[in-house]
Amino acid sequence: MKGVRDWVFSQILSKSLVSPSPLSGGNSLYAGEHRDEDVNQQGSDSASSVASPIPSGSSNSSYGNQSNQHSSSLQLVSDTEISQYQHNTNGRRKDTLVKVEDLQIKFFRLLQRLGQSQDNLLVSKVLYRMHLATLIRAKESDLKRVNHSSSRARAIASHQEATGMPQLDFSCRILVIGKTGVGKSATINSIFGQAKTITGAFQPATNCIQEVVGNINGLNITFIDTPGFLPSSTNNMKRNKRIMLSIKRFIRKSPPDIVLYFERLDFINAGYVDFPLLKLVTEVFGSAIWFNTIIVMTHSSSAIPDGPDGYTFNYESYISHCTNIIQQHIHQAVLDSRLENPVLLVENHSQCPKNIMGEKILPNGQVWRSQLLLFCICTKVLGDVNSLLKFQNSVELGPANNARIPSLPHLLSSLLRHRPVSNLSGNDDEIEEILLSEKDEEDEYDQLPPIRILTKSQFEQLPEPLKKDYLDEMDYRETLYLKKQLKEDFRRHKEKFHLTEEKFLNSDNPDDPQPTPEPVLLPDMAVPPSFDSDCHSHRYRCLVSNEQWLVRPVLDPQGWDHDVGFDGINLETTTEIKKNVYTSVVGQMNKNKQDFSVQSECAAAYVDPCGPTYSMGVDVQSSGKDLVCTIHSNTKIKNIKHNIADCGVSLTSFAKKYYVGAKLEDTVFVGKRLKFVLNAGRMEGAGQMAYGGSFEANFRGEDYPVRNDNVSLTMTVLSLNKEMVLSGSLQSEFRLSRSLRASVSANLNSRKMGQICIKTSSSEHLQIASVALFSIFKFLSRRKETRNLVNEVMD
């Protein structure tokens, strides 16, 4: 039994196990289920999903023949145990399990008085939920006692019913609401079997809130009869709200156990327009009122209308159709489709057919009065068990929050990623290190002998070996030329920067305006295809008049034709606000008629040429209606040549939750081509903690950074909630020839998941595109096979 208890903990501890809703006897919980397979199912985490029938060994007894059952049940428990139970109940203090057992005994006594069998699906649900809930709260020493509590409670209930002692003490408060004229008061009179309230066929009979008290087979029932609501309209909404507020004040001191919402079955059709009334009920009483609400449909013996195709509905189909209509309106009112309210059918007409016991029956042969009492008793019992065992109903009705909460692994990977320090050169730190190391070397390009550039016709006249040698020589010279240009740009920028600094220091009036730089035309944007004869690409052209600010519109490639297509604004800037202090801002804002989103990265850094580098940044990103804000800080130390140490911290705020992280990183350079990076970090927040780290080895090509040939091997480890995942990845980019490039990326983790991707690009070998023909042919053949299979199934 300990295994079952552990399973219960893992499946349903986070929810209210004995939640009294739904208790519908339909197929929503047991459609196609087998009783022996229910305990093994682990596909749902809701409380209703685990409410499967109790084992067959304890569900075969029936209350239909009470005389035989009394004798058989008494054999299960000895007189000593019954007397011991009576002695325990007479004590001053009762533990929780004894109170639950008392409730079970009362439940069995009520079932006997109503003539209901334990084989009833609804009864089985209640007993099984009570049993699982008790297992959760029970201690290891009480498991044996809990396992036999059901049979013991059944036997004691039979004994008490046979002796008539003690008297049954069970009460239930029921709130009755609904539109006027639907039969609320008439149903109360039918349940008690006498005229307890005044009814009227053509005008409202209940003008004020009143309590109707009565006793049915030892069950003390208090109905709170309320004035009826008027049909939904603008003029009636104020009156309906006043009635609801008065009901809310009336039940504030003594809340009801069950709510019955009444509606006429013959008034529910495709034109059912009571959504405003249901919405008002939700706003006044709160969405929690629907948890314990049972929908009661009166006039259930009325003539069934014809369907839209002219054929008559059968009774069960018509009931299901009307139930779906009103349930959909309730879902719209509470903005949640998970709710499922039980539905009961009622007929109060004096000409309603009756059985041999004089009880009114419906067209499907069901005795509605005993069924309604059973639903109310079950809902009340589950609510009492929920209070005794102190379960909290964690399900909240309402619209689901679509904003995804960032996971700790995602935040940790964002913290561990490399962040280049902002500077005015526009080069990456590593590229700048390479250029600084090579600035004293003589340029090989200047030492090359001159070469004659051949025309196309001259090149075609060369033999094949010479063609290859010529192209190799041109490629070699191009690489050296690009290296020279990159170094010259770096030197030119440095000289310009120092010259500007000297002019600023030597100037007598630093506030003199500097000459405005000449505007620069940015490259044209990639405009989406248009049906216009002339493409208005001039709309999207942009001039940059300041070197520090770059502002461009964001073009929506999926916009409508003839539309301007601007979807947002992109802003980039990098400036030096003080000596060796740099700031950068990169952001993008998008706005349309429905959504507004913003993404920005702001950073400030202090760069000491002979010491450490300190940086701090703020990242803001919109997620739904919330903002994800991250504050991070880094410190880089370059005291040792060919080694960079980095440490950083971060604080992320999202949806009133905070996540704190820290990292350590060390980078080692071996020559100019080999780099090793080792980092480790930790992220904590929202009651969880994640650890992670990675080791990267990067081997660059000899022409880096002019040619971006490199091979990178990365090993990553991540631990979250005592679960560890190892992963490895390989990324490579290289040139196979002068006109053919290839990139390979592959990854694999310890969960046996991974992928491999190979990309090639060429400007000459067009035959590579023929690979796509095989994919197209495979797709068409598979589609033809699927179509043939569908045709065979249809035949």
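In this predicted model, Glu 733 and Arg 741 are joined by a salt bridge whose closest N and O atoms are 3.3 Å apart. Elsewhere, salt bridges with shared partners connect Arg 109, Arg 113 and Glu 161 into one network.

The side chains of Arg 113 and Glu 161 meet in a salt bridge, with an N to O distance of 3.2 Å. Arg 113 belongs to helix H4 (residues 96-114) and Glu 161 to helix H7 (residues 149-163), so this pair ties together parts that lie 48 residues apart in sequence. Arg 113 is partly exposed at 29% relative accessibility, and Glu 161 is partly exposed as well, with a relative accessible area of 22%. Because buried means under 20% relative accessible area, Glu 161 with its 22% falls in the partly exposed class.

Another salt bridge is formed by Arg 417 and Glu 601, with 3.7 Å between the closest N and O atoms. This pair links distant parts of the chain: Arg 417 is in the loop between helix H13 (408-416) and helix H14 (429-438), while Glu 601 is in strand S12 (residues 596-607), and the two are 184 residues apart. Arg 417 counts as partly exposed at 36% relative accessibility, and so does Glu 601 at 41%. Across the whole structure, a search finds 21 salt bridges.

The next topic is how two helices pack. Such a pair is described by the angle between the axes and the distance between them. For helix H9 (residues 236-250) and helix H10 (residues 275-285), the angle is about 35° and the axes are 10 Å apart. The crossing of H9 past H10 is right-handed. On the H9 side, the contact is made by Met 237, Asn 240, Lys 241, Met 244, Leu 245, Ile 247 and Lys 248. On the H10 side, the contributors are Pro 276, Leu 277, Leu 280, Val 281, Val 284 and Phe 285. Sorted by class, the contact of H9 with H10 comprises 10 nonpolar, 1 polar and 2 charged residues. The spacing along each helix can be read with a simple rule in mind: an α-helix has 3.6 residues a turn, so residues three or four places apart point the same way.

Just after H12, Lys 390 adopts a positive phi of about 60°.

Among the strands, S16 (residues 657-670) contains Thr 667. This threonine counts as buried, because Thr 667 has a relative accessibility of 8%. Leaving aside residues up to four places away in sequence, Thr 667 touches His 642, Asn 643, Ile 644, Lys 675, Phe 676 and Val 677.

Finally, the protein as a whole can be considered. The protein has 18 helices and 22 strands, and 37% of its 795 residues are buried. Among contacts between residues at least 6 apart in sequence, 59% join residues at least 24 apart.

Key. Residues numbered from 1 in each chain as written. Predicted model: local features only at pLDDT ≥ 70, side-chain atom pairs only at ≥ 80, totals over all residues. Heavy atoms only, no water. Axes fitted to C-alpha atoms, helices over the stretch in contact; angles between N-to-C directions. Helix = DSSP H or I, 4+ residues; strand = E, 2+ residues; numbered from the N terminus. Left-handed = near helix turned anticlockwise from the far one by under 90°. Contact = heavy atoms within 4.5 Å. Nonpolar A, V, L, I, M, F, W, Y, C, P; charged D, E, K, R; others polar. Salt bridge = Lys/Arg side-chain N within 4 Å of Asp/Glu carboxyl O. Buried < 20%, exposed > 50% of the residue type's maximum accessible area, 1.4 Å probe, protein only.
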